[in-house]
Amino acid sequence: MCLSHGAGRTGDDGNAIGVEMENGQEQKHTISALVDNEPGVLSRVTGLFSGRGFNIESLCVAETMDPLVSRITLVTRGNEQIIEQITKQLNKLVNVIKVMDFTNTEFVEREMALIKVRAEATTRAEILRIVDIFRCKVVDVSPQFYTLEVTGNEGKIKAILDLLSHLGIKEIARTGAIAMARSKKEAPLKTGK
Amino acid sequence: MRLSGAEIVVESLMQEGVSSIFGYPGAAITDIYDYLEKSPIRHYLVRHEQGAVHMADGFARASGKVGVCLVTSGPGATNTVTGIASAYMDSIPVIVFTGQVPTPLIGNDAFQEVDIVGITRPCTKHNYLVKKVEDLPLVIKQAFYLARSGRPGPVLIDLPKDVLANKTEFKYPKKIEMRTYRPTYNAHPRQIEKAASYILKAKKPVIYAGGGVISSRSSAELKSLAESLTIPVTTTLMGLGAFPGRHPLWLGMLGMHGTYWANMAVGHCDLLIAVGARFDDRVTGKVDLFAPEARIIHIDIDPTSIRKNVSVDIPIVGDCKDALGQLNQLIQKSNKQEWRKARQPWLEEIKDWQENHPLTYGQGKEEIKPQYVVEKIYEVTKGKAIISTEVGQNQMWAAQYYHFDQPNSFITSGGLGVMGYGFPAAIGAQVACPDRIVFDIAGDGSIQMNIQELATAKANNLPVKIAILNNGYLGMVRQFQELFYEKRYAQTFLKGNPDFVQLAEAYGVAGLRAERPEEVVPVIEKALSIKGPVIIDFKVCPEECVSPMVPAGRGMTEMLLV
């Protein structure tokens, strides 16, 4: 009902965001945002992504040391210009305290997965070997199934899933990535006191 | 002093200097109304909540202050959404207070309950659900601060009924500091230096100014920059009035229905200085054909505006007033006369485009041309009126033919493009500026989207004049169908339109009509001589098109001169 000043909503060929700009390569980015620990803040963040057509590949939220502050770690994908918009738009939200893009910095990243895998008498030994190699844990055992807990980066989790898949995975539950910048290596260690 | 939540709302409004608010009562918000009646704040009772937000928006644009509106829960709240979204797109400071069911009922699908904070999250600068009366003063303080600072915008405060009834000790915060919100006002001096060096080197510069110049009150700084170095100026729809409409350096508006020479100038300039504008698709057309030969300087207080649609050479985050002020400082030593001489070839080039393709229409003896009506309103009001518009052809003709001289005088829903915006916005502007003439230039389609506000204008004796350019069509879409759909006018003929003169009279408002060109001026003069609101029904040429025009998705130099 509300026509924009001009030829309206029909027929536009829709210059989507950034289509005409020098785009550069799409790249995966791990972004961490410190936000007010208040109801509705997560919805502001996810609403921003869906409303502006940005991607979220994974998302993790939990309280920090300061109970008034939460950390949102999200993994997204985009070219340089999209990622610049994402960080700017996040910063623009009134409840966002700080935004960090870990990509191209030194950082540690981990995900966790729970994997319920079929464990027959013939395959148990093989599963336990895989558990050993991947340094994961068996956290639940039943006559037919093992439930494994595995942590690592995305690649490691994908690798174990690939290995286990032919044995029959019944169910998986995965977290998104969490990340933290590495502390500066050159900083001298303080001793004494 | 212990006050109830409702009393705190009213007292806080008074602390913020609010003198007028627009609203509509309802069960959830009655506590505030009960207290508001005893206060010196004047409340304008609207006939639809959408009207209330547009009035607050029009008030804000005309006055430069924050507009305030007050509505009840549920449908009262949802009816404000279009107005909020419009204010958000156009960066207008508006505060919307909505009623809400009592906190224990929230989430229970109670009567007239709606999650308005959830609904308006993407179209407000920020919003609040107040859960404790103790939080109320700080929330209101923050809301006003957010609405008017940085890139302005609407803020919504949702007020559950029990919060309004509960009491607490009231102390309105004097100062405000938000650790997560600190807009950058001061432009970086090194960026300004770089910009100045680009500007001083440019042979064919153009200034492209937007609504940010108006909201930052930097028209004088803009004019000074343009005049010192003889740089021609174009503005967006939102920027009209930021630069004098009769100035020799004025190019007219750019964009889809901008002037031919403004678009050609941008298409051929070697430096584009964007000030408080956001490279909207109606301005750029096909992005890679927009200012293809130019380096671009972009001044904006909102970092997300920069590099959102086009890449720029010199981004400058800051208030337009500060950035332009610093630029003017750097270039003040340059010799005006020399610049004027050096700029002649560029101005000549632009003048050629202008002379070959001026803004024009042919006014015959029989039918009234809509452009003629706008031109005559301009002449009769001597360019001093506040003009609001609806959306569609009326909006574009108003933009093209009323030569705005001052900021805060053109009031239009630029980003969202809301039909039904102009009339309530005109009422808000009239409340803000009781001594000025306020005209709503409307279409016969748009005016019917908020026609009920005639009662508001009448009851408060607000002498808004509505000029309906009545062509019997949804003209802009009809034009679109004429040009791109082989004249298949699907659903754009407005069969069943009312007799607008009789409609006005039903509201107790004067209704006038003009059907022939020679009646146009006398009827405008008559409307101005009437003390109250007036509807003028101008029967205009039904199939007139807005010209020139750039079809959507084309380059801005590929104008259709229909």
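Modeller: In chain B of this predicted model, strand S5 (residues 94-100) runs parallel to strand S7 (residues 154-160), and seven bridges join the two. Strands (E, at least two residues) and helices (H or I, at least four) are DSSP runs, numbered from the N terminus. B:Gln100 has B:Pro160 of S7(B) opposite. Residues are numbered from 1 along each chain as its sequence is written, while chains are lettered from A and ligands numbered from 1 in the order in which they are written. Local features need pLDDT of at least 70 and side-chain atom pairs count only at pLDDT 80 or more, whereas totals for chains, interfaces and linings use all residues.

S5 and S7 belong to an open sheet of six strands in chain B, in the order S3-S2-S4-S5-S7-S6, with parallel pairing; strands pair if DSSP finds at least two bridges between them. Strand S3 (42-45) and strand S6 (126-129) of chain B are the edge strands, each pairing on one side only. On average, and ignoring direction, neighbouring strands of the sheet are turned by 20 degrees against each other. Helix H5 (residues 81-89) of chain B packs on the sheet and touches S5 and S7 of chain B; contact here is C-beta atoms, placed from the backbone, within 7 Å. The direction of H5 makes about 145 degrees with that of S7(B). Such angles run from 0 to 180 degrees between N-to-C directions of lines fitted to C-alpha atoms, for helices over the stretch in contact.

The loop between S5 and helix H6 (116-120) of chain B holds B:Asp109, whose phi is near 55 degrees, a positive value in a residue other than glycine. Most residues other than glycine have a negative phi, and most peptide bonds are trans. B:Asp109 is exposed, with 9 other C-beta atoms within 10 Å; exposed stands for 12 or fewer, buried for 20 or more, and partly exposed for counts in between, with C-beta atoms placed from the backbone. B:Thr230 also has a positive phi, near 50 degrees, and is found in the loop between helix H11 (219-229) and strand S10 (233-235) of chain B. B:Thr230 is buried, with 20 other C-beta atoms within 10 Å. The peptide bond from B:Ser547 to B:Pro548 is cis, with omega near -5 degrees. B:Pro548 lies in the segment after strand S20 (534-539) of chain B.

Helix H16 (residues 344-356) of chain B has buried residues B:Trp346, B:Ile350 and B:Trp353. They line one face of the helix, because they fall within an arc of 55 degrees seen down the axis of H16(B); the arc is that of the directions from the helix axis to the C-beta atoms. Their cover includes strand S11 (250-253) and helix H12 (260-268) of chain B. Exposed residues on the other side of H16(B) include B:Glu348, B:Lys351 and B:Asp352.

The largest nonpolar core has 186 residues, of which B:Ile95, B:Leu272, B:Val275, B:Ala467 and B:Ile536 touch the most other members. Such a core is a set of buried Ala, Val, Leu, Ile, Met, Phe, Trp, Tyr and Cys residues joined through C-beta atoms within 7 Å. A second, separate core of 16 residues includes A:Val35, A:Ile83, A:Leu90 and A:Ala177. Chain A has four helices and nine strands, and 24% of its 193 residues count as buried.

Note on methods. Contact = placed C-beta atoms within 7 Å.
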